[in-house]
Structure formats: structure tokens, C-alpha cells
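Hi everyone, thanks for coming.

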Amino acid sequence: MSKLNKWIVRLSFYIFMLYIYITVASHNGIYSFLLLNTFLGYIPIEIAMHIDSQKKTPIFIVLLILWLLFYPNAPYVITDLFHLAMLNPYDSSTGLMEFNLHLWLKFTNLVTSALGCSLMGFWSLEHVADTILIKFKLWSKTNKITLISALIVFSSVGIYIGRFLRLHTAYLFIAPKEVISELIQMWNPRMLIFIGFMTIIQLIFYFSFAITRSSLANDQELLEQNKSTQEEQ
């Protein structure tokens, strides 16, 4: 990602979080949690911007560990869409959806946070996976798909931990013994099914993202070929 695009991403998140703070969090609004969740979802994106194969191995490993710890916060924000249930957009007398701009503003806030964190999170996922494989001279399409799939399963476990155990990444540093104890005890069939659901959702998101990017690259290549042909004529 170019420096310009990095700053566009940063400023977009900063502006959105400032907006949420001023209009929602500072008034203790019902969706005040968006500020913290968006911030946590942004952290792995920022960390990924500093990860590259040219970094010295010790620094690279530290950044990678930090990214792994915080990455599940990015796709986690998708689960905030369940809070749309609190909007109650239907008119009780007609059963039809109301045209209420306040409801649509709240809808916009939730969806913006979910899509911004998850889509940029998938950029960080692919970037980190590519960088790991290049760094250790293991790059191949098979290895890339395997690594990304493993990281997605890992993040699904993280989503479960955040959503149902209510443990944030910071708790690993604040109360590590208690966190490790809960992590050991959390495994059960229902939890594994939930992880399966989250893995499916993320795989669909990721491969849609990858196919779109590949198609755009092919279109750009065709445009360049067409331009070259016209110049030759």
C-alpha cells in the first residue's frame, strides 16, 4: 500500500472515530460501543502498515505477534450488526418500514464501522500472510491459501472470545492467568460450531475481496494493452 493510501485509511478512521465520539459517545448514546470497537478493529490495520519483509527478524516477529493478538478485533466488528435489532424500524400499526432518518443514521454508523474494519482487516490479513511467506521464502499460492485459512480460523476463535467471554486483547496483559484459565475451559461443541459459522463468513468475505481485486487487475491490464495497441496504430 502506498504512503498516500495509508494516510487516506488513517484519516478516514480518525475522522469516523472523532465523529462517533462527538455525536454518540460523548452523549452516552446507545451505540457508544462503536468508538471502542472501531478503535480496536483499526489497531491491526495500523500494525499491518508497519509490517514488511525488510524489517529485521526480531522487530518483524514482535509486530507479527501484536498483529495476531489484535487482528480478531477487525472481523469482530461484523458481529456488531446484531445491534441493528435495537433499531425497531417497523411501524407497529402498518408493519411497514418507517422512513426515519435517525434510524438510517444509526444503521449507517453500524454498517460503516463493520465494513470499514472488516474490509481493511482483510487487506491486513492478506498483506501479513504475503509478507510472512516472502520473509521466510515460502511463498506459493497453496501456502498462501493455507496460511490465510488458518489465520481466519484463529480470528474466528478470537471473535468467540470477544463476543461471549467478553475478553479484550488488553486483558492478556492485565490479567494473563485468568484469561488463560478461561481459554482452556471454553472449548465445547457449540463453540466449535460458532467458529465454523464465523470462518464461513470470513472466507466468503475474503474470497469475494480477492476475486474483485483480481478482476480489477485484469481489467487494468486489458486497458493498458488496448492503449498500447492504439498508440502503435
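This is a predicted model: local features need pLDDT of at least 70, side-chain atom pairs count only at pLDDT 80 or more; totals for chains, interfaces and linings use all residues.

Let's start with one side chain, Lys 55: its relative accessible area is 25%, so Lys 55 counts as partly exposed. Its partner is Asp 52, and the two side chains meet in a salt bridge, 3.1 Å from N to O. Asp 52 is partly exposed too, at 28% relative accessibility.

Okay, stepping back. What is the secondary structure of the chain? It comes to nine helices and zero strands. The C-alpha atoms fill a box of roughly 65 × 55 × 35 Å along the principal axes. Of the 233 residues, 37% are buried. And if you take contacts between residues at least 6 apart in sequence, 74% of them join residues at least 24 apart.

Now find helix H5, residues 101-135. Its 35 residues should span 51 Å at 1.5 Å a residue, and the end C-alpha atoms are 49 Å apart, which agrees. After H5 comes Lys 137, which has a positive phi, near 55°.

Next is helix H6, residues 141-164: it has 24 residues and reaches 34 Å from first C-alpha to last, close to the 34 Å expected. Just after H6, Arg 166 also shows a positive phi, about 60°.

Back to salt bridges. How many does a search of the whole structure find? Five. In one of them, Asp 80 pairs with Arg 163, with the closest N and O atoms 2.9 Å apart. Asp 80 sits in the loop between H4 and H5 and Arg 163 in helix H6, so the pair ties together parts that are 83 residues apart in sequence. Are those two buried or exposed? Both are buried.

Another one joins Lys 144 and Asp 130, at 3.3 Å between the closest N and O atoms. That pair links helix H6, where Lys 144 is, with helix H5, where Asp 130 is. Lys 144 and Asp 130 are buried, and together with Glu 126 they form a network of salt bridges.

Last stop, the surface. Tyr 90, Met 97, Phe 99, Leu 101, Trp 104 and Phe 107 make a nonpolar patch of about 700 Å². Met 97 is in the loop between H4 and H5, and at 45% relative accessible area it is partly exposed.

Notes: Residues are numbered from 1 along each chain as its sequence is written. Side-chain values use heavy atoms; hydrogens and water are left out. Helices (H or I, at least four residues) and strands (E, at least two) are DSSP runs, numbered from the N terminus. The expected span of a helix is 1.5 Å times one less than its number of residues. Patches are made of residues with over 30% relative accessible area and no salt bridge: like charges are joined within 9 Å, nonpolar side chains (Val, Leu, Ile, Met, Phe, Trp, Tyr) within 5 Å. Accessible areas come from the Shrake-Rupley method with a 1.4 Å probe; for residues, only the protein chains shown count as cover. A salt bridge is a side-chain nitrogen of Lys or Arg within 4 Å of a carboxyl oxygen of Asp or Glu. Buried means under 20% relative accessible area, exposed over 50%, partly exposed in between (1.4 Å probe, protein chains only). Contact means heavy atoms within 4.5 Å.
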